[in-house]
Amino acid sequence: MTTASVRPADRRVSPVFLGIVAVAAVTGWATWTGFAEQPGLAVFLFVTAAWVVSLCLHEYAHARTALHGGDISIGAKGYLTLNPMKYTHALLSVVLPVVFVIMGGIGLPGGAVFIERGRVRGRWRHSLISAAGPLTNVLFAVVCTAPFWLDALDGVPRDFRLALAFLAMLQVTAAILNFLPVPGLDGYGVIEPWLSHGVRRQVEPFAPFGLLFVFALLWVPALNGAFFDVIDAVLRGLGIGDYDTYCGFELYRFWQTAEICAIGG
């Protein structure tokens with residue numbers, strides 16, 4: 001394993017990523033201080049930018065782990081710059097996940113970095129490469145929920161609290177969806193190296209449709225309810241109640257904030 005062939009320019013953080021971080025920081029500050037005339041708009045921009053940052057870090061984790069696992073082609077592809085425009089498909093990696101957040105408050109697993117698996121040796125390394133992305137979402141969820149489970153909400157403005165709760169929900173849904181052992185998702189990538197060659201050959205044609213299959217199942221009311229029951233249970237375990245996640249989503253969709261959230265506390 002070596003990273004010697006990765007040039008310094010291949011590691012330089014992209015101005016695109018830094019711009020997204022700046023948007024998250026400025027709108028987060030505006031949400032915290034109440035500086036914005038429309039707090040819902042500030043929350044929308046803050047959560048969206050922070051969500052895109054997490055998508056970039058998710059893919060960076062895959063790429064960085066692959067680099068240390070033996071795929072020294074990662075740097076030349078631009079994946080270490082955190083630039084979302086360098087992903088295999090920017091639309092599926094960034095735009096579609098943001099659309100799903102707006103439509104339904106679901107943290108859609110992000111797009112893809114192309115890893116040359118033939119350069120990686122060892123099943124554990126292959127599994128770790130796949131697990132690195134959703135583990136980043138888990139870390140994000142821990143950070144977002146820290147004020148809740150540490151009981152450190154005193155002095156945290158209501159709108160910022162709701163924004164954190166909704167952002168945490170996105171990270172939890174992304175982690176759980178990504179860890180599903182469905183072809184095309186990271187969860188399957190974790191177990192795939194341990195499957196027989198015959199099983200992998202049979203499953204391979206279904207990989208492009210795995211995510212579509214999962215979301216088709218989520219359209220089934222009973223399965224959708226069960227999925228969000230799991231999400232709510234995880235968030236409650238992290239100290240976030242239903243009010244915070246519901247009103248965080250409603251505040252994010254500032255054009256139709258529910259009355260209960262406008263007057264609640």
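## A walk through the model

Select D244 to begin: at 11% relative accessibility, this residue counts as buried, a label used for values under 20%, with exposed meaning over 50% and partly exposed in between (1.4 Å probe, protein chains only). The model is predicted, so local features need pLDDT of at least 70 and side-chain atom pairs count only at pLDDT 80 or more, while totals for chains, interfaces and linings use all residues. Residues are numbered from 1 along each chain as its sequence is written, and side-chain values use heavy atoms, leaving out hydrogens and water.

**Stop 1: a buried pair**

Helices here are DSSP runs of H or I with at least four residues, strands are runs of E with at least two, and both are numbered from the N terminus. R161 is buried as well, at 14% relative accessibility.

**Stop 2: a network of charges**

Next, select D71, K77, E116 and R119, which are linked in a network of salt bridges. Zoom in on E116 and K77, whose side chains meet at 3.1 Å, N to O. Here too, distant parts of the chain are linked: E116 lies in the loop between α4 and α5 (123–149), K77 in the loop between α3 (39–69) and α4, and the two are 39 residues apart. Now turn to R119, which forms a salt bridge with E116 at 2.6 Å, N to O. How accessible are these residues? E116 is partly exposed at 26%, K77 is partly exposed at 22%, and R119 is partly exposed at 39%. Across the model, the salt-bridge count comes to six.

**Stop 3: a lined pocket**

Select F100, M103, G104, I106, F215, L218, W219 and N224 to see the lining of the second largest pocket. A pocket is an open set of points on a 1 Å grid over the protein atoms alone, where a 1.4 Å probe fits, with protein on both sides within 12 Å along at least five of seven lines; lining residues have an atom within 4 Å of a point. Colour α4 (90–104) and α9 (210–218), because each supplies at least two residues of this lining. Helix α4 gives the most, with three residues. By type, the lining has six nonpolar residues, two polar and no charged; Ala, Val, Leu, Ile, Met, Phe, Trp, Tyr, Cys and Pro count as nonpolar, Asp, Glu, Lys and Arg as charged, and the others, Gly among them, as polar.

**Stop 4: two backbone turns to inspect**

Most residues other than glycine have a negative phi. Select L82, where phi is positive, near 70 degrees. L82 belongs to the loop between α3 and α4 and is buried, at 9% relative accessibility. Then jump to D151, another residue with a positive phi, near 55 degrees. D151 is in the loop between α5 and α6. Is D151 buried or exposed? At 67% relative accessibility, D151 counts as exposed.

**Last stop: F179**

Finish at F179, in the loop between α6 (158–178) and α7 (186–191). F179 is partly exposed, at 34% relative accessibility.

How values were computed. A salt bridge is a side-chain nitrogen of Lys or Arg within 4 Å of a carboxyl oxygen of Asp or Glu.
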